[in-house]
Amino acid sequence: MKFKSIKNVKDLKGKKILYRVAYDITLTKKGKSYIVPDNRRIKETLPTIEYLLKKGASLVIMSWLKRPDGKVVKRYRMDPVARELSKLIGKPVKKVDDCIGVKVQDEINKLKPGKLLMLENVRFHKEEMTNNSKFAKQLTKGLDLIVFDAFAQSHRIHASTTGILVCLPTYSGLLLEKEITILNKIIKNHKKPLTIVLGGAKISDKLNVLKFLVKKADYVLIGGALANVFYKAKGMPIGKSYIQDVFVDSAKRKRLDLVKVSGKMLKKYNNIILPVDGLAASSISEKATTRNITFLRDDIKSNELYLDIGPKTIRNYLDIISKSKTILFNGPMGYFEINKFSIGTRKISKAIAKSSGLTIVGGGDTENILKEYNLGNKFNHVSTGGGAMLEYLEGKTLPALKKLIK
């Protein structure tokens, strides 16, 4: 897949560029104001910003932040993001209190080469989520071209993702190109053995990517509550452990029996590897009494939950990780937020970080794991988009990318 890259545009001097980014950052309140606690998503866009400014362009930066549902919500304003970007880039970033309208147009008209302007959260307008074409056209008014660098939001059909791309000439940013290049190393030309490490709670979030990648992977290591649906498919007791056994796909108007689907996958593929033991407890608490259960030998009690993988499983998984040449890591191995149940997640994540192979990480929970164990710089690539990454790895062409493909 080749994109219409911004690097192929010869003359950017004096151009006013709508720079579409994915600054969907969880802000933290400090005193009376909000701050950016983790600026990684902003840092990832700096190469594109610096390239465009060096070429003599001016930038109008646009993103959404969380889900204000068409209303102005103070804690979702873009002001803290603008301040953080200004610190990182070493230049003023002027922030306006809307993304369309007369005042915004006045600021765009006054914008000089080398200057940066940040628009307000586009999701403050309900027309954003409905992909309203008039709203999309307003977002592009007074601008010359679009640089799309919002990989993390490229799977959404919104006015500021797919809608704006029919209004102006559009090119891919350097971050978007980097994301796709790295992810293609899993889909198309990975080094073997390829190991997929999948954890977390809901199998519905990962079912399609699992169906696609199980055909390519040498090993699929399952952890977290994700394993429970496979245990149930095998007829094993799971006590009161969390399980997502049914999923209603509202888009397709379909009800999926996830236990049945998981059972079919287990019969068809012998590279899906489940935990052989686990840590059980009667409650999700640091004070809970725990015991290690070896599956097929010990039964879990009806009032217990599986909350982490056990020591035999950890050894098995570490052995596979040590010989893997390509590793994709998405989701925790247990309830890692509580220290007592964090051993599996900690050991597996640290082993992947130490791997000499290509290591790729993605997903909100997985990013939290990296922060928890100070592993942020230990992987070859930490994707800025969890949902978008999984959809791309299913083999889909993401909606916003269609306009960017050569």
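This is a predicted model: local features need pLDDT of at least 70, side-chain atom pairs count only at pLDDT 80 or more; totals for chains, interfaces and linings use all residues.
The chain has 14 helices and 19 strands. Its radius of gyration is 23 Å, close to the 22 Å that the globule rule gives for 406 residues, so the chain is as compact as a globular protein of that length. Below we go from the chain as a whole to a helix, a few residues in its surroundings, the cysteines and some backbone details.

**The chain as a whole**

- Along its principal axes, the C-alpha trace spans about 75 × 45 × 45 Å.
- Of the 406 residues in the chain, 56% are buried.
- If you take the contacts between residues at least 6 apart in sequence, 74% of them join residues at least 24 apart.
- The chain has an accessible surface of about 18,900 Å², and carbon and sulfur atoms account for 49% of that surface.
- There are 77 positive and 37 negative side chains, and the centres of these two sets lie 3 Å apart.

**Helix H2 and what covers it**

- Helix H2 runs over residues 79–89, and its buried residues include Pro80, Val81, Ala82, Glu84, Leu85 and Ile89.
- As a reminder, an α-helix has 3.6 residues a turn, so residues three or four places apart point the same way.
- Among the elements that cover the buried residues of H2 are helix H1 (40–54) and the strands E3 (33–35), E4 (58–62), E5 (93–95) and E6 (116–118).
- Just after H2 comes glycine 90, with a positive phi of about 70°.

- Leucine 119 sits in the loop between E6 and helix H4 (126–129).
- With a relative accessible area of 1%, leucine 119 is buried, because that value falls under the 20% cut-off.
- Leaving out residues up to four places away in sequence, leucine 119 touches Leu18, Val60, Ile61, Met62, Met78, Lys95, Val96, Asp98, Cys99 and Val104.
- Leucine 119 and leucine 65 are separated by 54 residues in sequence, and their C-alpha atoms are 11 Å apart.
- Leucine 12 belongs to the segment before strand E1 (16–20), and at 1% relative accessibility leucine 12 counts as buried.
- The contacts of leucine 12, apart from neighbours within four places in sequence, are with Ile6, Ile17, Tyr51, Leu52, Lys55, Gly56, Ala57 and Leu145.
- Asparagine 184 is part of helix H7 and counts as buried at 11% relative accessibility.
- Once residues up to four places away in sequence are set aside, asparagine 184 touches Asn189 and Tyr392.

**Cysteines**

- The disulfide count comes to zero.
- Cysteine 99 is in no disulfide, and the nearest cysteine sulfur to it, that of cysteine 167, is 13 Å away.
- A disulfide would call for sulfur atoms within 2.5 Å, so the 13 Å between the sulfur of cysteine 167 and that of cysteine 99 is too far for a bond.
- Cysteine 99 is buried, at 2% relative accessibility, whereas cysteine 167 is partly exposed, at 28%.

**Backbone details worth a look**

- For context, most residues other than glycine have a negative phi, and most peptide bonds are trans.
- The peptide bond from lysine 192 to proline 193 is cis, with omega near 0°.
- You will find proline 193 in the loop between helix H7 (174–187) and strand E9 (194–198).
- Lysine 66 is not a glycine, yet its phi is positive, at about 60°.
- Lysine 66 has its place in the loop between E4 and H2, and it is partly exposed with a relative accessible area of 25%.
- Asparagine 374 is another residue other than glycine with a positive phi, near 50°.
- The loop that holds asparagine 374 lies between helix H13 (364–372) and strand E19 (381–382).
- Asparagine 374 is exposed, with a relative accessible area of 65%.

Definitions and conventions: Residues are numbered from 1 along each chain as its sequence is written. Side-chain values use heavy atoms; hydrogens and water are left out. Helices (H or I, at least four residues) and strands (E, at least two) are DSSP runs, numbered from the N terminus. The radius of gyration is taken over C-alpha atoms; the globule rule is 2.2 Å times the number of residues to the power 0.38. Buried means under 20% relative accessible area, exposed over 50%, partly exposed in between (1.4 Å probe, protein chains only). Contact means heavy atoms within 4.5 Å. Accessible areas come from the Shrake-Rupley method with a 1.4 Å probe; for residues, only the protein chains shown count as cover. Lys and Arg count as positive and Asp and Glu as negative; His and the chain ends are not counted. The place of a charge is taken as NZ of Lys, CZ of Arg, CG of Asp or CD of Glu.
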